[in-house]
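Hi there,

Here is the structure I promised to pass on to you. Have a look at it first, and then read my notes below with the structure open beside them.

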Amino acid sequence: MALRLSPSNYPLLDSNSGATRRALDCKQTAMAAERGGGDNNIHDDMGNQLQLVPENEEEEEDDMETEDRDSEDAEKPSIINFDPSLPTSHAYLGSDMEEFHGRTLHDEDSVQNLPVLPHAALILIPGQTLPLQLFRPQEVSMFRNLVSHDRTFAVLAHSPDASGGELKAEFGTTAEIYAFREEQEYGIETVKIKAIGRQRFRVHDIRTQADGIRQAKVQILPERILLDPLSALQLLSRVHTHASPTKHTQPQSQVQRCQNYRRRKLYPASMTPWPPWVYALYDSETLMSRVKRQLHEWDENLKDESLPTNAIDFSYRVAACLPIDDALRLQLLRIGSAIQRLRCELDIMDRCTSLCCKQCQDTEITTKNEIFSLSLYGPMAAYVNPHGYVHETLTVYKASNLNLIGRPSTLHSWFPGYAWTIAQCRTCGSHMGWKFSAVKKDLSPPRFWGLTRSALLPTIPQGEEGVEGSRLLCL
């Protein structure tokens, strides 16, 4: 028997924990037996599990690799009739979860001791939903205790150190549990959780307890509110505007009203040595309007009413939806001002034209014109498979240079009504995500791709001197 790691795996499992490996083996054996045979279901559960595969079955599995041809002739549907609320509900976790209300916010600059989410391989953004499935005994015990207290834990944002070697964590985000379910599954205690990112923090210290759970001493980072640079002149401007006679005009559209509002807001700039466009670069409402226009270019189905109206929440929502790598996402997380965060997001959306395979770095997978939303969260959201692997999945109409592995399956599909098929990079064989195909003919779009963010690298076009654009954007 040969131990094979599924193509989409990131080794989140603790290889030093014999109990963990035995628990996984028991769970997979029980699941395979319940479905009627293990080897025939090697690609079940979104393709993220350790499998024991007989050596003589390797050729049979390789024969199931096919080249995708549908994307070449695929067209964007004029109407999408899929219910975007289905992915946000995470129904695959179960419908009878215990829900909690209210929110826990710590004082800014306060120091807190929080338990750390083990094996986290993502950078959580405030406001982002994080689904989890946990079955290691120490993790089950940790979250059972959390639910009876303040339901808050720490998600560390790991990054390579200066030498590019060992991962370190200087920043992170607090997460609060808002739905919880504990069950016995195949003889193993399992907890299923829905949590949401709350506040950014800086790590002061991390220690490991006797039970193996790490506790982090963190400082809650404040959100800097920058005052309007023209606020001192606003009152005088209003006096002059009020003194002028009003004219009756025809009803205006919402776009015209917004433009007139921004024009009036920036009118005091005429009393300063600087032109209005200089102040517009640091005006939150102007920046939000520009970001929305860019978002509509990325996703023509996006509805403005689904976006937050507060500049801070809006900037975090955009950060959670951008298909950028961990280095760029960590930059956004470190920024403590919504205005500066929006400026960086504009820079990213302006300069990023396509997405490549992170392993190859030169194999184009898709372009930003193919991105669309199939969820109320936006074009990208986090989902978890039955074995605890969390994937931030970007939905696109078309993808290229991919091969399909195995047969379509509806088991544990994150998008109800669609069957998934594992997709690999045609050049290097890295796991890139899944192709989703509609089970019913009247479902639109009939097919799309879900690409995992951890496998993607945004392309920054070359500068004027032929040097690749800097990835340290507008900081």
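**Notes on the structure**

Histidine 90 lies in the loop that runs between α4 (85-89) and β4 (98-99). Please keep in mind that this is a predicted model. The phi angle of histidine 90 is near 50 degrees, which is a positive value in a residue other than glycine. Is histidine 90 buried or exposed? With a relative accessibility of 0%, histidine 90 counts as buried, because anything under 20% is called buried.

Asparagine 401 also deserves a look. Its phi is near 60 degrees, again positive in a residue other than glycine. You will find asparagine 401 in the loop between β14 (390-396) and β15 (402-409). Asparagine 401 has a relative accessibility of 29%, so it counts as partly exposed.

One more loop is worth a visit, the one between β17 (431-438) and β18 (447-452), where proline 445 has its place. Serine 444 and proline 445 are joined by a cis peptide bond, with omega at about 5 degrees.

**The chain as a whole**

Now let us step back for a moment. The protein chain has twelve helices and 19 strands. It is made of 475 residues, and 50% of them count as buried. If you take the contacts between residues at least 6 apart in sequence, 67% of these join residues at least 24 apart.

Next, please find helix α10, which covers residues 311-321. How many of its eleven residues are buried? The count is nine, so α10 is mostly covered. The buried ones are Ala311, Ile312, Phe314, Ser315, Tyr316, Val318, Ala319, Ala320 and Cys321. At the start of α10, a side-chain oxygen of asparagine 310 comes to within 2.8 Å of the backbone nitrogen of isoleucine 312.

Let us start with α10 and α12. Their axes come within 9 Å and cross at roughly 30 degrees. That angle makes α10 roughly parallel to α12, because angles under 35 degrees count as roughly parallel. The crossing of these two helices is left-handed. On the α10 side, the contact is made by Ala311, Ile312, Phe314, Ser315, Tyr316, Val318 and Ala319, and on the α12 side by Ala338, Arg341, Leu342, Glu345 and Met349. By class, the residues of this contact are nine nonpolar, one polar and two charged.

Now turn to α9 and α10. These helices pack at an angle of about 30 degrees, with their axes 11 Å apart. So α9 is roughly parallel to α10. α9 passes α10 in a left-handed crossing. Which residues meet here? From α9 they are Ser284, Met288, Val291, Lys292 and Leu295, and from α10 they are Ala311, Phe314 and Val318. The contact of α9 with α10 has six nonpolar residues, one polar and one charged.

**Two residues in strands**

Threonine 173 sits in strand β8 (residues 167-185). At 0% relative accessibility, threonine 173 counts as buried. Its side chain reaches the backbone oxygen of leucine 124 at 2.6 Å. Leaving aside residues up to four places away in sequence, threonine 173 touches a list of residues that includes Leu124, Ile125, Pro126, Phe153, Gly197, Arg198, Phe201 and Leu333.

Serine 354 belongs to strand β11 (residues 354-357). With a relative accessible area of 6%, serine 354 is buried. The side chains of serine 354 and glutamate 364 are joined by a polar contact of 3.4 Å. Again leaving aside residues up to four places away in sequence, serine 354 touches Glu364, Thr366, Thr367, Lys368, Leu457, Pro458 and Thr459.

Enjoy exploring, and write back whenever you like.

Best wishes

Notes
Residues numbered from 1 in each chain as written. Predicted model: local features only at pLDDT ≥ 70, side-chain atom pairs only at ≥ 80, totals over all residues. Heavy atoms only, no water. Buried < 20%, exposed > 50% of the residue type's maximum accessible area, 1.4 Å probe, protein only. Helix = DSSP H or I, 4+ residues; strand = E, 2+ residues; numbered from the N terminus. Polar contact = N/O pair within 3.5 Å; in protein donor to acceptor, adjacent residues only side chain to side chain. Contact = heavy atoms within 4.5 Å. Axes fitted to C-alpha atoms, helices over the stretch in contact; angles between N-to-C directions. Parallel < 35°, antiparallel > 145°, perpendicular 65-115°, else oblique. Left-handed = near helix turned anticlockwise from the far one by under 90°. Nonpolar A, V, L, I, M, F, W, Y, C, P; charged D, E, K, R; others polar.
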